[in-house]
Amino acid sequence: MSAEQQTLDLSALKFGADGLIPVVTQDARTGVVLMQAYADREAVERTLQTREATYYSRSRGEQWIKGKTSGHTQRVLGVSLDCDGDSVLYRVEQTGAACHTGDYSCFHTPLLEEQSSKTGLDGTLERVYATISERLATLPEGSYVARLHAGGLDRVLKKISEESGEVLLAAKNNDRVELATEVADLLFHTLFAMAEVGVSPGDVAAVLQGREGRSGLKGPKEAG
């Protein structure tokens with residue numbers, strides 16, 4: 001195994017008495033936690049070598065590769081070790097649903113309803129993007145996202161063009177209510193196109209942050 005293939009020092013991993021270590025798996029695009037499983041040393045090594053998420057089944061007593069049977073694969077983009085060395089994080093590119101129930105994430109049963117601390121546009125966009133990504137992964141019957149996906153990307157791009165025109169018209173008419181509505185429609189369909197192509201809100205934020213102070217945008221230190 002080359003140094004490029006393995007950047008994680010496996011000697012730092014603290015496996016349990018059963019030879020296993022907990023693995024938390026996260027969607028690298030949306031940040032959503034998809035599942036929690038276990039891996040032995042060989043499974044971690046294989047994950048680092050192949051970038052295929054590999055785990056160890058405690059019930060079957062054997063290794064398994066996510067998606068080998070279902071087709072719902074996980075391409076591993078990064079692997080991290082927690083501060084105590086007793087758990088591992090796989091950041092993956094998820095294909096299809098992560099849960100055996102057909103849900104996007106295994107964590108779909110709430111014990112406490114989520115109250116987001118992000119009330120501004122950024123938090124809303126992230127939540128909408130995560131929902132769109134989940135719908136694209138599971139394609140539930142009756143979902144608007146599923147219908148858009150079935151119609152193909154060109155249909156969505158046409159919708160974005162139409163919504164852009166509606167935004168211009170609402171702004172021209174100085175109609176604040178209509179403008180907010182049309183901008184919301186435009187943002188939704190733009191987020192859909194981003195999810196289809198594989199661009200996250202974080203990718204867009206990185207571009208904007210790189211422009212701060214250069215293209216007329218002022219960073220926090222320059223404002224005021």
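## Basis

Helices (H or I, at least four residues) and strands (E, at least two) are DSSP runs, numbered from the N terminus. Two strands pair if DSSP finds at least two bridges between them.

The model is predicted, so local features need pLDDT of at least 70 and side-chain atom pairs count only at pLDDT 80 or more, while totals for chains, interfaces and linings use all residues. Residues are numbered from 1 along each chain as its sequence is written, and side-chain values use heavy atoms, with hydrogens and water left out.

## Sheet

Four strands form an open sheet in the order E2-E1-E6-E5, and the pairing is mixed. At the edges are strand E2 (33-40) and strand E5 (74-81), each of which pairs on one side only. From one strand to the next the twist averages 30°; angles run from 0 to 180 degrees between N-to-C directions, and axes are lines fitted to C-alpha atoms, for helices over the stretch in contact.

## Strand pairs

E1 and E2 are antiparallel and share seven bridges. Within E2, Ala 39 is the residue opposite Ile 21. The two strands make a hairpin with five residues between them, and Gly 31 in the turn has a positive phi of about 80°.

Strand E1 (residues 20-27) runs parallel to strand E6 (residues 88-94), with five bridges joining them. Val 92 in E6 stands opposite Asp 27.

E5 and E6 are antiparallel and are joined by seven bridges. Leu 81 has Val 88 in E6 as its bridge partner. Six residues lie between the strands of the E5 and E6 hairpin, where Gly 85 takes a positive phi near 75°.

## Helix across the sheet

Helix H1 (residues 41-50) lies across E1, E2, E5 and E6. Relative to E2, H1 runs at about 120°. Contact here means heavy atoms within 4.5 Å.

## Nonpolar surface patch

Leu 153, Leu 157, Val 197, Val 199, Val 204 and Leu 208 make a nonpolar surface patch of about 450 Å². Helix H4 (153-172) and helix H6 (201-211) are the elements that give two or more residues to this patch. Patch residues have over 30% relative accessible area and no salt bridge; like charges are joined within 9 Å and nonpolar side chains (Val, Leu, Ile, Met, Phe, Trp, Tyr) within 5 Å. A salt bridge is a side-chain nitrogen of Lys or Arg within 4 Å of a carboxyl oxygen of Asp or Glu. Accessible areas come from the Shrake-Rupley method with a 1.4 Å probe, and for residues only the protein chains shown count as cover.

Val 204 lies in helix H6. Val 204 counts as partly exposed because its relative accessibility is 34%, the class between buried (under 20%) and exposed (over 50%).

Terms used. Buried means under 20% relative accessible area, exposed over 50%, partly exposed in between (1.4 Å probe, protein chains only).
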